[in-house]
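Please read them with the coordinates open.

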Amino acid sequence: MSEKPAPSKSPRTPVAAVKAGRGNLGGSTAEAALAERAIMQGRSPLLADGDARNPGLSAFRSVYERFGLNRPVSEEAAVLKEWFSEAFGMAAEQKKSLLVDVGGGDRTLELWAKEEGIISLAESIGLEVTGLFMCGPQVGDLDYIKRLWESELFRPKKALLVFNDWSVPVGHDPDRAFGKLTENPFFTQMSDCKLGFLRIPKLSILPAIIESGLSFQQVMESAPRPCGTPFDVLRRAQVKRWFDLIESNIVAEKVESWLP
């Protein structure tokens, strides 16, 4: 059995971690890892996949079936706004953290956050909001975040720039690509918030894990796949190393309290 991260001894304020940024940058995988991290440390976050058409966080079936909320029934703005409100309200009532995978409703989230003053509103009902800003190495990835930040539609007090190595083209060095990004002068404009950076390493067997329906923890603990056999010992070790690296990156950046 893999060693579980030690649970926090001090009471934690529930956190609403909301993914923002362009799609296809590994955000759902990052949120799935953060969700399992919380679960393995003895917490029970709520998971909310806001894409009515394509599963994001809900693609990680084993965990989402236990902790996930129903996905919105359509992409209509009114439906998505109501869905966001219900997710935040449920988390506040249950005093649980919340992970929101916005999916195709990113524009609706931005408008809803601005119209409802959701950041200050969430804080008033006991939720601290952390923005998980997904950013890849392409120019357009950072430009999207710049436009979002400058529009003031979604400006949480804690902004975590999440870099998933999966988004770096084959043959390019993630250390170099993301190292340049962290030096971008734009980040000095975000001085009115707490800013952190989180690297998510690449996990080559991720597609096979999603297809199996197992959680990362189940893979590490040798749970059987639908075919009746667990992943082999090398692949189990790959997942454990990946998980341990994410935890090390979180601790090194000192953002444990920012996350569910």
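**Notes on the model**

1. Valine 219 touches Ile209, Leu214, Phe231, Arg236 and Val239, leaving aside residues up to four places away in sequence; contact here means heavy atoms within 4.5 Å. Valine 219 belongs to helix α9 (residues 216–220). Its relative accessibility is 1%, so valine 219 counts as buried. The classes are buried under 20% relative accessible area, exposed over 50% and partly exposed in between, with a 1.4 Å probe and protein chains only. Helices (H or I, at least four residues) and strands (E, at least two) are DSSP runs numbered from the N terminus.

2. On provenance: this is a predicted model, in which local features need pLDDT of at least 70 and side-chain atom pairs count only at pLDDT 80 or more, while totals for chains, interfaces and linings use all residues. Residues are numbered from 1 along each chain as its sequence is written, and side-chain values use heavy atoms, with hydrogens and water left out.

3. Strand β1 (residues 15–20) is mostly covered, with six of its six residues buried. In a regular strand the side chains alternate between the two faces of the sheet. For β1, one side carries Val15, Ala17 and Lys19 and the other Ala16, Val18 and Ala20, and all of these are buried. Note that a lysine is listed among them.

4. A search of the whole structure finds eleven salt bridges, each defined as a side-chain nitrogen of Lys or Arg within 4 Å of a carboxyl oxygen of Asp or Glu. Side chains of opposite charge can pair when their charged atoms come close. Among the salt bridges is that of lysine 158 with glutamate 128, where the closest N and O atoms are 3.1 Å apart. Lysine 158 lies in strand β5 (residues 158–164) and glutamate 128 in strand β4, so this pair ties together parts that are 30 residues apart in sequence. Lysine 158 is buried at 14% relative accessible area, whereas glutamate 128 is partly exposed at 30%.

5. Arginine 155 and aspartate 192 also meet through their side chains in a salt bridge, at 2.9 Å from N to O. Because arginine 155 lies in the loop between α6 (139–151) and β5, and aspartate 192 in the loop between α7 (174–182) and β6 (194–200), the pair ties together parts that are 37 residues apart in sequence. Both ends count as partly exposed: arginine 155 at 28% relative accessibility and aspartate 192 at 49%.

6. Arginine 199 counts as partly exposed at 24% relative accessibility, and aspartate 165 as buried at 13%. Salt bridges that share partners join Asp165, Asp175 and Arg199 into one network.
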